Amino acid sequence: MLSVSERTFAKEVLEAATPVMVHFWAPWCGLCKIVEPILKRFQQEKGGQIKVVSFDADLSLKLAFTYKLNKLPTLILFEGGQVKDRIEGFQSREDLQRQLQSLIELKPIDQKQEVQKQEVAVSAIRPR
């Protein structure tokens with residue numbers, strides 16, 4: 001999992017071509033350490049659909065304030081430079097895995113891809 005800093009945050013997260021899940025954590029946070037392997041596995045399962053990065057919240061009060069980090073770990077999903085969703089306060093590993101999965105399943109359909117699929121379907125049923 002890529003670790004980003006305040007300096008690299010804009011490039012790696014806000015300007016990314018794919019959705020980015022940011023794991024805001026701190027070295028003193030025990031639950032944060034449990035979350036990391038789950039996120040690594042999640043990123044592997046999703047392949048190129050989503051990028052997962054980590055950010056040590058203790059190193060930037062500016063970003064902690066900007067994204068209203070009230071507790072750690074906090075996971076924020078960014079897409080197109082905008083916050084799309086966040087996960088905080090999960091109860092178990094299974095709960096976190098369910099929440100991660102629901103973020104991907106509820107992702108809006110790319111309109112351009114949907115139109116292309118419809119065009120292919122229509123051309124398949126047209127008589128020749």
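Where is Pro73 found in this predicted model? Pro73 belongs to the loop between α3 and β4, and the legends below begin with that loop.

**Figure 1. The loop between α3 and β4 holds Pro73 and Lys68.** The peptide bond that leads from Leu72 to Pro73 is cis, with an omega near -5°. Lys68 lies in this loop too; its phi is positive, at about 50°, although Lys68 is not a glycine. Most residues other than glycine have a negative phi, and most peptide bonds are trans. The relative accessible area of Lys68 is 57%, over the 50% cut-off, so Lys68 counts as exposed.

**Figure 2. The largest nonpolar core is viewed around Phe9.** This core has 16 residues, and Phe9, Val22, Phe24 and Tyr67 touch the most other members. At least two core residues come from each of α1 (6-14), β2 (20-25), β3 (51-56), α3 (61-66) and β4 (74-79). The greatest contribution is that of β2, with three residues. Residues up to four places away in sequence being left out, Phe9 touches Val4, Leu14, Val22, Phe24, Phe55, Leu63, Tyr67 and Phe78. Apart from this core lies another, of 14 residues, including Val35, Ile38, Leu77 and Leu103. In soluble globular proteins, nonpolar side chains tend to be buried together.

**Figure 3. Strand β2 pairs with β3 and with β4.** The pairing of β2 with β3 is parallel and runs over six bridges; within it, Val22 stands opposite Val53 of β3. With β4 the pairing of β2 is antiparallel, over five bridges, and here Met21 stands opposite Leu77. Five of the six residues of β2 are buried, which leaves the strand mostly covered. Together with helix α2 (residues 30-46), β2 and β3 form a β-α-β unit that is right-handed.

**Figure 4. Helix α2 is shown with its buried residues and the glycine that follows.** The 17 residues of α2, at 1.5 Å a residue, should span 24 Å; the end C-alpha atoms of the helix lie 26 Å apart, which agrees with that expectation. Buried residues of α2 are Cys32, Val35, Ile38, Leu39, Phe42 and Lys46. Of these, Val35 and Ile38 belong to the core of 14 residues. Just after the helix, Gly47 adopts a positive phi of about 55°.

**Figure 5. One disulfide is present in the structure, and it joins Cys29 to Cys32.** The S to S distance is 2.3 Å. A disulfide is a covalent bond between the sulfur atoms of two cysteines. The torsion about the S-S bond of Cys29 and Cys32 is about 85°, so this disulfide is right-handed. Both cysteines, Cys29 and Cys32, are buried.

Figure 6. The relative accessibility of Leu77 is 7%, under the 20% cut-off, so Leu77 counts as buried. Leu77 is among the members of the 14-residue core, as is Leu103. Neighbours within four places in sequence being set aside, the contacts of Leu77 are Pro19, Val20, Met21, Ile50, Gln82, Val83, Lys84, Asp85 and Leu103. Leu77 and Val22 are 55 residues apart in sequence, yet their C-alpha atoms are 6.4 Å apart in space.

Methods:
Residues are numbered from 1 along each chain as its sequence is written. This is a predicted model: local features need pLDDT of at least 70, side-chain atom pairs count only at pLDDT 80 or more; totals for chains, interfaces and linings use all residues. Side-chain values use heavy atoms; hydrogens and water are left out. A nonpolar core is a set of buried Ala, Val, Leu, Ile, Met, Phe, Trp, Tyr and Cys residues joined through side-chain atoms within 4.5 Å. Buried means under 20% relative accessible area, exposed over 50%, partly exposed in between (1.4 Å probe, protein chains only). Helices (H or I, at least four residues) and strands (E, at least two) are DSSP runs, numbered from the N terminus. Contact means heavy atoms within 4.5 Å. A disulfide is a pair of cysteine sulfur atoms within 2.5 Å. Two strands pair if DSSP finds at least two bridges between them. A crossover is right-handed if, with the strands pointing away from the viewer, the path from the first strand over the helix to the second runs clockwise. The expected span of a helix is 1.5 Å times one less than its number of residues.
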